Amino acid sequence: MRNKGAIQLFTIVFILVCIYQLSFTLVTRKVEKQAREYAQGDPVRQRNYLDSLSSVPVYNLGVVKYTYVDCKEREIQLGLDLKGGMNVILEVSVEDMLRALSNYSTDSTFNKAIRQAKERQRVSQADFITLFAEEFQKIDPNGSLAAIFSTVELKDKINFRSSNADVIKVLRSETQAAIDNAFNILSNRIDQFGVVNPKIQRLETQGRILVELPGVTEPERVRKILQSTANLEFWLTYENSEILPSLIQANNRLREILQAERAASDSLQQTAKKPAKTAEEKKTELSLLEKLEKDTTAADTGISGLESWNKQNPLFAVLRPNIDRNNAPLPGSMVGLVHVKDTGKLNYYLNLKPIKALLPRDVRFLYSSKPWQNDPSGTLYEVHAIKVSTRDGRAPLSGDVVTSARREFGQTQSSAEVAMSMNPEGAKIWARMTSDNVGRCIAIVLDDKVQSAPRVNGPITGGHSQITGNFTIKEADDLANILKSGKLPAKAQIIQETVVGPSLGKEAIQAGIKSFIIAFLAVVLYMIFFYTAQAGLYADFALIFNVFFIMGILASLGAVLTLPGIAGIVLTMGTAVDANVLIYERIKEEIAAGKGPKLAVADGYKMAMSAIIDSNVTTLLSGIVLYVFGTGPIRGFATTLIIGILTSLFTAIFLVRLLYEWRLNRGMDVRFTNRFSKGFLKNVKVKWLEKRKIFYVVSGIIITIGLISLLTRGLATGIDFTGGRSFIVRFTEPVNTLKVQEMLTPVLKGTPEVITIGQTNQIRVTTKYLIDQQGAEIDSLVNYTVYQGFKPMIGDTVSFETWNTNYLMNTQKVGPTIARDITIQAIWAVLFVLVIIAVYIIIRFRNWPFGMGAIVSLLHDVLIVLGLYSLLYGIMPFSLEIDQAFIAAILTVVGYSINDTVVVYDRIREWRKLYPKRESIEVFNGAINSTLSRTFNTSMTTFLVILIIFLFGGVVIKGFVFALLIGIFVGTYSSVFVAAPVAFDFLRIEEKRREKKMQKK
């Protein structure tokens, strides 16, 4: 072997680097063990112990010393599925940015273009600014964007002579700057969560930001903080007594409207026997009452008196007026209370034109940020009457004037509050507002939610003031930190979210380690059994170093280890022996040909190299595509798979050969067979190609059945592709999924999907309830609604906090927008892998029939896996949903299948050169027969490893691993019975075409 010294030096350096990188993980584990022993189960004491070591050296290498924080940053990072925590993708609203840049223009063309761009964005991959520009051009081809965006803030960049193209460039620049600003603000906010190694990064799609918070246990708080724009405003208000008369008039007018609608509805029912009207006519005649009944949440009490009162007072049925026992209005800006589920209905009522005409033109109704303090259920919110006193409809004073904010305690010390300081300009406006409104309330509003509405007792000068609102200490701290970190330039909405409970993470680690140990032992024993103890142990030695190198590289790259990542490492163990198997089988052939041990080893490595490189490059291509298109855990799987391929090549080609050369140089014997494996699958003379039509028919029948199922049953599409929310819930007793489904259907406004996942006491609930609506309050509402839905099972004694801690194991949310993007990415990923592998095969083998055989074989494998998933979902005792993990499995199957196909192709190419005078059918049969031993050994080790992951790797990845199990079997089958025969048939077509050309000449 050439350059042996360089390889030995590189190996030693590589080992030392990996030891260095992995040592940080050992140090942190040691320190954390000491912290647990010191704390004796007290989490606060444990955290304080670790905090005390944050700046103290705990790892001394002599030249350099590392603190606990330094070591923590360099250890192997665990993903959320192993550690627990929260992962969210935020999308900063470009629409809001454009409105702000236009100074909230009321131009009809501008607003129409915004609306139409928003509609197109649902089905388009183009960015929002491009869609807006196109829609503006369609609406008014001669319209000028400069007339809309030549504001005071943009006067140096846009003037009335600026073309639309120039304006769009400025808008892109300003929008990107705003997104960068949003990224920085969110980074500052994340620091307050107190988690180790939080992660925030920009994603490729404009405006999207990924946030990972390992170990966080308060998802509600995280949602609120991340989605808050920190848009603080100070508004004048109406007194309740000034608005109540108008509300009474509105209530009476609304009753008349609804009564007229009921009469019209009764009339329609009486004429039902008349000829049916068109769908469009029926749509226009749909009554207001019917629209409202679809979203009503009024309790069905069965009390006719209450129902009659609600009909007579429809507005006050949803808005409980703020009056005393004598029906006199209570003081303050609060006009009433509304149930959280009735806010949409109330908004609809108040925005009806006949109702708006009865209310003051400058009134605006806003809800409180927290439930009413006297409501034990936490479902009633205050409704405040805001007075719009400015010409542009903006608040008289905004939070831009706030220079500092901090948490303090009020005079009674009973609740926390937030103290603010303002700049001179803000202090001047604040002094004028308070002096002009003594005796009236001023509402302090954050993100269109009223934090408090204190009554002004006298002018407030100096720019110092307080925000009160019955805050807890943590709530006051959060509000102060939000104000200090700054205002987001636009709303940031959570469009995808995953929350993993710590107990589920621990179980995932245990399952991953268990599957790893069992799979490792299985591969070790198999290699020793099939080859000699010495040859098997050398391959196992390479396997140990392979895993060691993978972990070292992961640590050095700062990569995150996920549960699919562990599966990738375990899968690598199955495929890592492939290179050794190829080499060993080739050496056995050379020895059988009469060569001595040294020459046989040298030629064996030389002859196997082509197949090793080709098979691993194709798998590597699949892994790279998976990494590019995947996110989160799927990218973790791709990372370990790519690293594993590279390290397995290094260990098999170089390390194992160094061991054999060391042994041979000392005159020691080398053997690669024992009495069990000697002669196994040798001198096989099966005529595969003669039976190819039989296998074409078998494959055709299987694929046809699968296609029929795909067309009739379809696939169980996961929320990754459809959008929705899922909740994994664990109980102490087995659960009947049908009863749970019936129980949740009324509260979730539709039938959720409920399946058992893993144990019989653990279920997953999937729903699309309110998935089209955004906001922290919507997420909180859905979570609380699910909790309420389970009340009949868990009882009234279980609080919402206990539910989140002890019952809710995992939650996931995927918004419709990102679901569409994931779908498109998945399709492109699969197509791109198929094309790139076909191109590689054609270039590598310089023959298009081989490329066609590979493509047909891969399509064959994908269709069979899809067909089986369609046939078996709902039958198997685990989830067979099509999600991102399934796409990862498909790409892995493609990589594995082509790996096996390439080895067969490589031997066919070799035999065609060795035996140019033989018939093609004889060459193909001989080449396939000569690779059977390798095909069997590789498939067996890989299948064995995948089976172990399936049995012991945990329920979360069972569907993913099931696809791999099917794929390994089908991939091995297709390499022999599809890829080679199809290539043979296309070669015959090519040969006949050449013969015809020769005859013509």
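Picture a 1 Å grid laid over the protein atoms alone: a pocket is an open set of points with protein on both sides within 12 Å along at least five of seven lines, a cavity is a set where a 1.4 Å probe fits but cannot get out, and lining residues have an atom within 4 Å of a point. Points are joined across faces, edges and corners, and a volume is the space filled by probe spheres set on them. Before going on, bear in mind that this is a predicted model, where local features need pLDDT of at least 70, side-chain atom pairs count only at pLDDT 80 or more, and totals for chains, interfaces and linings use all residues. Residues are numbered from 1 along each chain as its sequence is written, and side-chain values use heavy atoms, with hydrogens and water left out.

Now look at the second largest pocket, at about 1000 Å³. Its lining takes in 40 residues, and Glu-589, Lys-682, Asn-683, Trp-911 and Ser-930 lie nearest its centre. Two or more lining residues come from each of H22, H23, H33 and helix H34 (920-930); helices here are DSSP runs (H or I, at least four residues), strands are E runs of at least two, and both are numbered from the N terminus. By type, the lining splits into 14 nonpolar, nine polar and 17 charged residues (Ala, Val, Leu, Ile, Met, Phe, Trp, Tyr, Cys and Pro are nonpolar, Asp, Glu, Lys and Arg charged, and the others, Gly among them, polar).

Finally, find strand S20 (residues 724-730), where seven of seven residues are buried, meaning under 20% relative accessible area with a 1.4 Å probe, protein chains only. Gly-724, Ser-726, Ile-728 and Arg-730 point one way, and Arg-725, Phe-727 and Val-729 the other. S20 runs antiparallel to S23 (residues 808-814), joined by six bridges (pairing takes at least two DSSP bridges), and Ile-728 stands opposite Asn-810 there. Six bridges also join S20 to S22 (residues 762-767), again antiparallel, with Arg-730 opposite Gln-762.

How values were computed. Buried < 20%, exposed > 50% of the residue type's maximum accessible area, 1.4 Å probe, protein only.
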